[in-house]
Structure formats: structure tokens, C-alpha cells
Amino acid sequence: MTGAEKTEYDFSLFGEMDSYLFREGNHCRLYEKLGAHVTEHGGKRGTYFAVWAPNAEEVSVTGTFNGWNRTVNYLSPRKDSSGVWEGFIPGVEKGALYKYSLRTGRGKVIEKGDPFANFWEVSPKTASIVWPHEYEWGDGEWMASRKEINSLNAPMSVYEVHIGSWRRNPVEGFRSLSYRELGHELGDYALSMGFTHVELLPVMEHPFYGSWGYQTLGYFAPSSRYGTPEDFMYMVDVLHQKGIGVILDWVPSHFPADGYGLAKFDGTCLYEHEDPRKGYHPDWGSWIFNYGRNEVRGFLLSSAFFWLDRFHADGLRVDAVASMLYLDYSRKAGEWIPNRFGGRENLEAIEFLKKLNEAVYGDFPDVQTIAEESTAWPMVTRPVFVGGLGFGMKWNMGWMHDTLSFMEKDPVYRKYSHDKITFSIMYAFTENFLLPFSHDEVVHGKGSMLGKMPGDAWQKFAGLRVLYGYMFAHPGKKLLFMGCEFAQGKEWNHDDSLQWDQLSIPEHKGISLLVAELNRVYRQEPALHERDFTPDGFEWCDFSDWEKSVVSFVRKSASGDRVLAVFNFTPVPRLHYRIPVPCGGFWREILNSDAKEYGGSGFGNYGGLHSEELRWKESAHSLCLTVPPLGMLLLKLER
């Protein structure tokens, strides 16, 4: 012994109701009961430990407090068939390192980290750390008002960030910034650029940095690479006080096979399926959660609640939903097991996702859940009670793929793929879509957003400007990955910093200024965000001019505001170009992507123009515009 006393068994935080809800799969706050909790018992201060290991023969706690001796502090199994082992160890305080030592049914002794640990050693070290949260929040004003900020009819422009590579400190060994540094630097930057939210690639503890967090191991702990849990709270707090929402990527689809993690936790397939045809993910070499097991559902529900409750997250972007919905996802014939009806749908995962969304919106009605779902699964963002999955929003992967496929073509040939830029409106209102240009589009040899644009340097930058303009005018919320907002020249590398020095180059600075202005106009004009998910907020003007690759449409607000968006996807300026408009009046030019301050050539319409009572394509009113080369115009009707 090195200070700790013998385990005491006459104390428990895990009551009868906890046990009932846990076994039923309806306990959403298990983080309050399982794991390591510093408390007092019998006049002694120490830590209560509780872990789910139903198939273990014995469980003990090893750590810095007992010399890592597995024979000192045994836990006791509860008598309620819950499979929970528990005990109070006097003298164990905040900061103590610990692991669970389990003897399996086959007599093998294994060491595991705590699935509910609040804090972990920095990888490659593997111990859990006793760490009660001690933080006083200062974001009360944000929390009281965020229902309106996060609502579906509010503007949402999301800046997607990988914490480790957003910006690095060149003076101190090129290290990543800490959570506390990021709160101020990232907050000030996002604010200056006009983004409403940041979305963080998974901050949950993960052993392999190169997984970007998508191989999550600690479902209840922010990564210790950048600071303590309180440091992470501070970052969220500061972002909120600056008026920036925080969305967290969350991965309930699979987990890594690291020996000290969830895999075969008590010597059996506890969190995963026994059969690899249901339990092993061939793409990622990871294990798939067993959604049919009540306790596993409770574990995942509690993880979701944990980040919304303890860390004030404003939303969860649920990763790889498609891989959860389909039993044959990325599998060949014979490599998967049909459901009880003979189909390919993962019925247990579907029920879990429905339960997740019902529970989250029931307890946190002012947040959003967002599905990364890449198939045509119906009603992802429709309520559970009408047969939907219950998400608030869904990434529009079809729009992203079609748009980039169109933009990557030489402008000479775009007219032959005109449908790729117009087809999205056919389904734009079937779901609550968020339009993503995410990290996935600038890695693994795909190049940067700038590199995708064809032509010489001028055409590349102009093409990116019209692309971003099209994104911000198109129905749906917006997401842009870090570095894309200033047209970083190289592909994203998680081991490097963004190329911030490129902001000193006029062309890159021009893209940055345009994105900031797009964000400003998008937030300022209700017509551009208020009716993102209903067809009454959109009206085509002309989508038929495939030969010149010009399209135009109007966005409308509930109060009758109208903003006209016109796009020219070729480098040829369109002079005296006539466009039908739904009503007469003065159309003021509020944004022109070809303005010289953004690096453009300066074609424009002198601040706006009056419509003419000249019938054009079934409209009684029309405009005769100068549409700039590879340019986008936004014009607002003034009443």
C-alpha cells in the first residue's frame, strides 16, 4: 500500500432506480453514477469507483495510490444482476492515476481504462485520472438566449475546426494551441469572419492522433493533449461569451480495438457484437457498438448527454450515420447478416438513433443534432412520431458532390453538366439540410478547395468566389472547413498548421474578405436564412440557360423580403443579360463576388437598377444586368 486504505463496500452512488434504468437502456446520465467520483463516506474523503463488467470473475482498482497492486483494492459485484462492480477507496483524491484490473471467465487478467473516465493521461500513456469537474461558468446570457440562436430559422454558418492543426505556436516547438488559448484566438477569429458556430472534429479522447478523433476511446473526456476538462470548459465558455456556438463531432458508430479500451472489456464482447459480420468495421478496423444491448445504449445516450450537460455544447454532429443504418455498409455478399425481416436495415441502430434524438431534444430543446448521412434514407430530419429519425439537420452530401463535380470541370464543358448545379433544388426541402465543404474534401489526395478549380490562377480564385457565393445563396445552413475560408493552397495536413502566411497575398486575402462579407449578408438578410427548409423561401428566375452556364433564383423571407442571386459559371462576362424577376422595383446590388476588393475584375451594376416592365420568360418584369465573369451577384428588392 502507498497511502490508500482498504476498499469499503457499504457505500454506493448506484441506487435501485439507477440499476433499473440501466438494465432497461433508459439511463441517460450514467456519468453521474459510474466511473470515479471523489466524495466522502464515514467521515473519510476518497473516491467511489463503479464499472460495468458483468462477465468478470473479479475486479480491482490499481493506481498510484496502491503501487499498481491489483490485490489491494477489490470491487464488489452488486446483487441486482446489473453487472456493476463498485467500492469506496478512502484517501484517493483528484489527480490519482488508475486502471481496472479484471480477471476474465477464462482466468486471464486484463487491465482496462475507465469507460467513464473524465480525464486520461496523454497518449501513448493509457491510465485514467480521477478528476471531478470544478468550474464556474460565465455563459449564462448565452445559455438563456441560445434557443433562438440555434433555431432552424436562424442563420447558421459553421466553421469546422481540427483543434490540433488550426494554428500552432512557432516559438514553442510548433506546438498545438491549448484549449484556453483557442477560446480567445479561435473565438476572435470566428467572430471577425462572421461565423455563427464552430464545429470541432472529435475532442473526445482518442489514442491515435492521426484519426482526427474519429477513433474515440474516452467517451466522457476531452483530449488531454490540449489541457484539462476545465480548460475545455473555459474554451467553450469564452466562445459563448463572444457569441459563437459550439458543435461537437460525436462518434457512436464504432470504437478502436486498443487493448485498454472498450474492446472485449471484461473478456467478452461487451460493447461490441461477437460476430464480426455485425461487430467489426472493415473500413476503419474498428468495432461496432451492439445497439441491441440495453446497457450499451445507455452508455451512448449518457455520452451524448454528458457533452450537452457538463460542457454546454450547442449541438452534436453524429458521425457516420449511414454506416449505422445499413447492415451491409461497405460489405460484400456473405459478409453481413440480414435483419429478422431479411432486410439490410440495422433495426437496432435505427431504434437507438430515434431514442437518442427523442432523449436529447426532450432534455435539451435548445440544441441541434446533425446527421452525417450520405444516402437517400428518408425522413432523417423528421420527427420520430411521424416515422423519422428525429435529427434536427442533415449534411447534404449529394449537393456537395454534384456541386464540386460541376465546378471541377473546365468552364467550356460545364454546359454539358448543367443539371448538377440545378438538380439539388428538386430535393432541397425534403430534409433540413446543411451544406458542407468539410475536412473530407481536402484530404487523402483530393487537394485543396482552390486546387479543385480549373484554369489559371485568376480563374481558380474567381471560381472559388462564385462557388462560395452559390453555397451561401442556396437553401440550407452552411459549413466550411478551416483554411478554405482564405483558399489555402495545399491539402490539409493534421500534423501541420494552416498556411496563415497566405493571408498576406492579395488573392487569398480577397477570398477571406468575401467569406466575411458573405457571412455578414447571410446573417443580415432574413431572406437568405429564415426559410432554408421550406419551398416558399425559394423561387427560380431562370435555370434554363445551360449554354451560357448562368442560373438565377430569388430567396424570400416570411415578411416579404426578396434577394435575387445570379451566377455566371464561365469566365465570359455577360453584358446586357436579361433575367426575369417576380416583381418590379429597384434591385440594389448588395454583394458582387467580382468586386476588386475580393480580387475580381470589377464588373458590376453601379449599385443596382430598376426592373423593366418587359415580359421575359413568363414574368412581367425583368432586369438587364451585367453579370461578371465567374461571378455571383446578390440584389435586394427595395420596397
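Where is Asp536 found? Select Asp536 and you will find this residue in the loop between helix 13 and strand 25 (538-545), where helices (H or I, at least four residues) and strands (E, at least two) are DSSP runs numbered from the N terminus. This is a predicted model, in which local features need pLDDT of at least 70 and side-chain atom pairs count only at pLDDT 80 or more, while totals for chains, interfaces and linings use all residues. Residues are numbered from 1 along each chain as its sequence is written, and side-chain values use heavy atoms, with hydrogens and water left out.

Asp536 has 39% relative accessibility and therefore counts as partly exposed, a class that lies between buried (under 20% relative accessible area) and exposed (over 50%), with a 1.4 Å probe and protein chains only. Leaving aside neighbours within four places in sequence, Asp536 is in contact with Arg531 and Lys556, contact meaning heavy atoms within 4.5 Å.

Next, select helix 12 (residues 457-473) and helix 13 (residues 506-524), which pack at an angle of about 10° with their axes 10 Å apart; axes are lines fitted to C-alpha atoms, for helices over the stretch in contact, and angles run from 0 to 180 degrees between N-to-C directions. That angle makes helix 12 roughly parallel to helix 13, since angles under 35 degrees count as roughly parallel, over 145 as roughly antiparallel, 65 to 115 as roughly perpendicular and the rest as oblique. Among the residues that meet here are Phe461, Leu464 and Tyr468 in helix 12 and Ile511, Leu514 and Leu518 in helix 13.

Now move to helix 1 (residues 16-24) and helix 6 (residues 294-309), whose axes come within 6 Å and cross at roughly 105°. This makes helix 1 roughly perpendicular to helix 6. Show the side chains of Phe22, Arg23 and Glu24 in helix 1, which meet Asn294, Glu295 and Arg297 in helix 6.

For the last stop, select Phe49, Tyr159, Trp166, Leu200 and Tyr468, the residues with the most contacts inside the largest nonpolar core, which has 179 residues; such a core is a set of buried Ala, Val, Leu, Ile, Met, Phe, Trp, Tyr and Cys residues joined through side-chain atoms within 4.5 Å. Apart from this core lies another, of 17 residues, among them Val554, Val581, Leu609 and Val627. Centre the view on Trp166, whose contacts, leaving aside neighbours within four places in sequence, include Tyr159, Leu177, Met482 and Trp500.
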